[in-house]
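Let's take a walk through this fold together.

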Amino acid sequence: MTSNVDQNHNRLNEIYAGLQEQLRAGLASSRTVIDHPGAKGAGTEANWLNMLQDHLPRRYQAQPAFVVDAKGQQSEQIDIVIYDQQYTPELYNVAGQRLIPAEGVYAVLEVKQTLDKGNVEYAGAKIASVRRLCRTSVGIVHAGGEHAPRPVTPILGGVLATQSEWNPPFGEAFHACLAERQEEERLNVGCVLEAGGFDITYDNDETRPQISSREHALAFFFLRLLRNLQRIGTVPALDYDAYLAAFEHPTS
């Protein structure tokens, strides 16, 4: 039987090229049609958010949100929080305003029109406001007994932009800006749609970004994000007693 499959035809390239062009068109529309800066930013965030919501595995949820911990501390508002959908409650969800417990967070992403030093610093501060929160972990009951509490998982940080103010986009200025970030502010993944995707590893004080080509920017970012999420596994089970303690008062 003769196969009709073209061995030189790469369907994955076509799929992600089409998705990247669709995202590019949506972002371009937000920039050119909407004049108000705040509304323009909201349109940009919506385009990235919709792409992630449509393509992430169902175990993950992606939404704009605040993150809170059992001590009542709260992060800054995050453009996109990727969090556990199966085991993590939304502590508050009214009219699109969400509060997510810190234990359930896998990643936080900031969305900007352009990538530059100021926006990397801004994104780093937002990411740090989540990573500094207290996270609990308790044992997980199963049919044979109980698993010991697992260590809290790392929280990925990233930034998504359409263009870069740097020329070249990922040259010395980009590397220097990454190296200046404190540990809690570090970026792990990102995408500049008109320049490339990036995935960053840290070896002590050495910063090692891997950069994709412009035409593979979205595919590189998204697949590296999925790979990093896969390596994290499942978030720890939050300690509900720790949250209940916030409502307890000593009795005389």
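**From a helix to the sheet**

Start at His 175, which sits in helix H4. Keep in mind that what you're looking at is a predicted model. His 175 is partly exposed, because its relative accessibility is 34% and that category runs between the 20% limit for buried and the 50% limit for exposed. Leaving aside residues up to four places away in sequence, His 175 touches Phe 170 and Pro 209. There's also Thr 207: it is 32 residues from His 175 along the chain, and the C-alpha atoms of the two are 7.7 Å apart.

Now zoom out to the helix itself. H4 covers residues 172-179 and lies across strands E5 (105-115), E10 and E11, running at about 135° to E11.

That brings us to the sheet. What order do the nine strands of this open sheet have? Reading across, you get E3-E4-E1-E2-E5-E8-E9-E10-E11, and the pairing is mixed. At the edges are strand E3 (92-94) and strand E11 (206-211), each pairing on one side only. On average, neighbouring strands here are turned by 35° against each other, ignoring direction.

With strand E8 (residues 156-164), E9 runs parallel, joined by four bridges; here Val 159 has Gly 190 in E9 as its bridge partner. With strand E10 (residues 196-203), E9 (residues 189-192) pairs in the antiparallel sense, again over four bridges, and Cys 191 has Gly 197 in E10 as its bridge partner.

Which way do the residues of E9 point? In a regular strand, side chains alternate between the two faces of the sheet. In E9, Val 189 and Cys 191 point one way, Gly 190 and Val 192 point the other way, and all are buried.

Leu 91 lies in the loop between strand E2 (78-84) and E3. With a relative accessible area of 43%, Leu 91 is partly exposed. Together with Tyr 92 and Val 94, Leu 91 forms a nonpolar patch on the surface, and the three share about 260 Å² of accessible area.

One last stop: Ala 125, in helix H3 (residues 117-131). Ala 125 counts as partly exposed, at 31% relative accessibility.

Notes: Residues are numbered from 1 along each chain as its sequence is written. This is a predicted model: local features need pLDDT of at least 70, side-chain atom pairs count only at pLDDT 80 or more; totals for chains, interfaces and linings use all residues. Side-chain values use heavy atoms; hydrogens and water are left out. Two strands pair if DSSP finds at least two bridges between them. Helices (H or I, at least four residues) and strands (E, at least two) are DSSP runs, numbered from the N terminus. Axes are lines fitted to C-alpha atoms, for helices over the stretch in contact, and angles run from 0 to 180 degrees between N-to-C directions. Contact means heavy atoms within 4.5 Å. Patches are made of residues with over 30% relative accessible area and no salt bridge: like charges are joined within 9 Å, nonpolar side chains (Val, Leu, Ile, Met, Phe, Trp, Tyr) within 5 Å. Accessible areas come from the Shrake-Rupley method with a 1.4 Å probe; for residues, only the protein chains shown count as cover. A salt bridge is a side-chain nitrogen of Lys or Arg within 4 Å of a carboxyl oxygen of Asp or Glu. Buried means under 20% relative accessible area, exposed over 50%, partly exposed in between (1.4 Å probe, protein chains only).
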